[in-house]
Amino acid sequence: MQKNEMAVIEITDIGVNGEGIGKHDGYTLFVKDAVIGDKAEVKVMKAKKNYGYARLMRVLEPSADRVEPRCAFARKCGGCQIQEMSYERQLAFKEQKVRGNLERLGGFDGEMLDQVMEPILGMDNPFGYRNKAQFPFGTDREGNPVTGFYAGRTHDIIANTDCALGVPVDREILEIILDFMKSEGISAYDEKTGKGLIRHVLIRYGFTTKEIMVCLVINGRKIPGAEKLIEKLTAISGMTSITISPNTRQTNVIMGDTYEVLWGQGFITDYIGTVRYQISPLSFYQVNPVQTEKLYSQALEYAGLKGGETVWDLYCGIGTISLFLAEKAGQVYGVEIVPQAIEDARKNARINRISNAEFFVGKAEEVLPEYYEDYAREHSGARARADVIVVDPPRKGCDQALLETIVKMAPERVVYVSCDPATLARDLKVLCGEGYALEKVRPVDMFPQTVHVETVVLLSYRK
Ligand code: SAH
């Protein structure tokens, strides 16, 4: 096919990014926003030898799985990819995504997967679930400040203060900031020139405590007239923390390295289950609290703690999983690369009067191997051991050096929490080649309306 050619096709499959896939005379077309089951008119935008990318021009016969999107910007916005797909279909797609990766990249047998895969845990209400949002600021053609989200694959801002995944107070806060910028003549940052002050705002909302954090990321050190902004923001009930985070670098990294309190405290608190967590602007904290509780409960169940066990929680963030497990374990060790997160983790242990959790700052792939070597040196060659090791790495998965040390320590159980099924499959292949068996796989939908899927896996050591 050629660029700009039109075609009518049936959408028969879903790609990894949620796009529809169909064939025209044997030629494969990837169509963003098309839903599996649609009959649609499409226009070829980019033609390669064996496949091409097409734009959805018109849905001729909608799929039974097609729904009206809740948000007017669902198609353009880079935040949601599959809002036009029914929630049931989204869940089935995610289950299949995990399964497909385990088969293709992990080399696991299909029949065996039938035995170990548990149904995905979805949400009753798959909207308004985010406790955190980061909105970029920019300037429209008329010179007015705008905020919203980036259009897919670009840094063009779609003006929208009413994201369907966020909480209602997001909108109130964004409107206050925009009004303040207009009335005080404060500019939005411009990525191209590196000029302008306001870059992003980070908003966090404690679902249980109703506490609110606002952190403005600025290209400078001060916001002129900030007291006027503070006066408006503090009128919102629940406002707990107003901070700035200076970031003067010309990069895609949103937050600065530090933050400064303008009003209130530098953190908010929230609960997952009965554990109370203190969360500061720069620390990672799970964004979907309803599903996080399900995720951690599943991890806890897989850990199979009876009391007395030694547990490592690698990539522990502010110690959320560590503290969740500490209630049932003998001793928990957490490892995390961000120093502020470890400060939060230690504070969180204290707040909850948990004394059997210890935290280390550093790379998991350095801290654990060093611990292992030191232990052997200090105990005349004896092996450091653990009963359970939990890992919850970022998308790139675990480092090889870490996997090797896990194998050497030979814990009875490994619980792998993953936000990327491809790297999960890769790492499981390594562990299962070294004496571990895949026991259980549970996908959890932490990010409805997007193509992302979280998975919890239980591995057990075969002696
Ligand atoms: N388990 C936590 C955090 C998971 S997110 C929770 O559920 O909240 C992954 C975490 O890994 C982040 O906090 C990130 O800062 C941290 N991280 C990234 N690379 C790391 C590395 N090489 N070693 C240790 N931690 C790392």
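These notes cover one lysine and the surroundings of the ligand.

1. Basis. This is a predicted model, in which local features need pLDDT of at least 70 and side-chain atom pairs count only at pLDDT 80 or more, while totals for chains, interfaces and linings use all residues. Residues are numbered from 1 along each chain as its sequence is written, and side-chain values use heavy atoms, with hydrogens and water left out.

2. Lys94. Helix α1 (residues 87–104) holds Lys94. Helices here are DSSP runs of H or I, at least four residues, numbered from the N terminus. Lys94 counts as buried because its relative accessibility is 0%; buried means under 20% relative accessible area, with a 1.4 Å probe and protein chains only. Beyond its neighbours within four places in sequence, Lys94 contacts Ile82, Ile120, Asp445, Phe447, Pro448, Thr450, Val451, His452 and Val453. Contact means heavy atoms within 4.5 Å.

3. Ligand shell. There are 17 residues around the ligand, and Gln286, Tyr296, Thr320, Glu336 and Ala364 come nearest. A residue belongs here if one of its heavy atoms lies within 4 Å of the molecule. By class, the shell has 9 nonpolar, 4 polar and 4 charged residues. Helices α6 (320–326) and α8 (364–378) each supply at least two shell residues.

4. Polar pairs. Tyr296 places a polar side-chain atom 2.5 Å from a ligand oxygen atom. Asp392 has a polar side-chain atom 2.9 Å from a ligand nitrogen atom. At Tyr315, a polar backbone atom is 3.0 Å from a nitrogen atom of the ligand. The ligand taken alone exposes 570 Å², and the protein buries 91% of that; these areas come from the Shrake-Rupley method with a 1.4 Å probe.

Note on methods:
Buried < 20%, exposed > 50% of the residue type's maximum accessible area, 1.4 Å probe, protein only. Polar contact = N/O pair within 3.5 Å; in protein donor to acceptor, adjacent residues only side chain to side chain. Nonpolar A, V, L, I, M, F, W, Y, C, P; charged D, E, K, R; others polar.
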